[in-house]
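User: I would like a close look at a single part of this model, with the criteria spelled out as you go.

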Amino acid sequence: MKHQRNVEGLRQNAQKKRQESFEKVDRAIQTLLKEGRPINFVNVEEVSGVSKAWLYKEPEVKARIEHLRAQGGEKQAAKPQQKMSDASKDSIIATLKLRIAKLDQRNRELSQQNEVFGGQVLRVRELEQQVKRLQTENTMLQQQLGGSTQAQGSIWATADSLNLSTVEKELERLGVQLNSTIQRLLDKAPHDIIAVALESLREAVLEGRADNPSGFFYRAVTDAWKPNEAHEEKAEAELFSEWWKLAHQKGLVIAATQEEGVQYVMTSDEQWVPFSEMLDSFPLEALTR
């Protein structure tokens with residue numbers, strides 16, 4: 001009886017080990033399938049730790065391994081899952097690229113808007129500066145207009161004598177450069193003509209018609225202008241024509257042009273300078289010497 005019990009124990013132990021080997025083989029096959037490795041006796045032995053001899057000995061295990069090996073270890077069944085995973089990644093990448101493209105487009109639009117707004121801000125600042133400048137000019141013109149009557153009444157020292165000091169101050173206020181030509185004009189011209197020319201210059205400055213106050217006053221005196229006479233503009237053109245001829249002969253200027261009603265001349269060093277500035281630097285009387 002004791003011998004029978006020992007045999008039964010051995011039989012049960014062998015059965016337990018056999019069952020454990022089955023379980024090891026099953027786990028090994030599942031591991032190989034997950035890892036995408038080929039199903040064969042070598043890999044199953046390596047992963048499960050069960051000998052190839054045992055794997056070949058067990059018909060059920062042998063048949064399963066051979067079947068899986070013939071089917072590629074069900075590797076082909078794993079490929080669709082891999083393809084699905086790749087497709088999912090591609091979809092995510094495409095979505096991210098589209099989002100990036102939209103953000104880039106939005107950034108470009110915002111940059112363009114910023115450029116437009118920046119230009120508008122600069123334009124507003126320019127207009128503000130222009131308004132301030134016009135306000136200053138308007139204030140000066142109002143002061144000139146308010147002081148013209150007083151100045152006109154004070155230019156006469158006596159009934160027959162002109163107050164040259166007051167005239168000079170008034171001329172400077174109106175933008176006339178008191179160069180040697182203007183000084184000689186004040187010394188030699190009849191006082192009544194100077195007074196009328198001064199009034200003509202006041203009106204021209206207030207109306208914005210005196211781009212060159214010095215030249216204007218010079219012609220107003222030499223041609224005995226009267227206020228509001230229509231030939232003022234023509235006389236300024238004649239003054240420029242006479243001055244240009246002499247200045248060109250002396251090599252002071254080489255070209256001339258007009259921009260927005262302002263006369264410019266090109267000097268011998270190819271610099272564009274307003275005619276009024278050149279007239280102040282090179283008076284007509286100096287050129288005739």
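Which exposed residues does the face of α4 turned away from its buried side carry?

Analyst: This is a predicted model, in which local features need pLDDT of at least 70 and side-chain atom pairs count only at pLDDT 80 or more, while totals for chains, interfaces and linings use all residues. Residues are numbered from 1 along each chain as its sequence is written, and side-chain values use heavy atoms, with hydrogens and water left out.

The face of α4 turned away from its buried side carries P59, E60 and A70 as exposed residues, where exposed means over 50% relative accessible area, buried under 20%, and partly exposed in between, with a 1.4 Å probe and protein chains only. Helices here are DSSP runs of H or I with at least four residues, strands are runs of E with at least two, and both are numbered from the N terminus.

The buried residues of α4 are V61, I65 and L68. They cover an arc of only 65 degrees around the axis, which puts them on the same side of α4, the arc being that of the directions from the helix axis to the C-beta atoms. After α4 comes G72, whose phi is positive, near 80 degrees.

Two of these buried residues also bear on the packing. A nonpolar core is a set of buried Ala, Val, Leu, Ile, Met, Phe, Trp, Tyr and Cys residues joined through side-chain atoms within 4.5 Å. The largest such core has 34 residues, and those with the most contacts inside it are L171, L201, F217 and W243. Its largest share, 6 residues, comes from α8, which covers residues 191-206. Apart from this core lies another, of 14 residues, and V61 and I65 are among its members, together with F41 and V50.

For comparison with the positive phi of G72, E270 has a positive phi of about 65 degrees although it is not a glycine. Most residues other than glycine have a negative phi. E270 lies in the loop between β2 and β3, and at 57% relative accessibility E270 counts as exposed.
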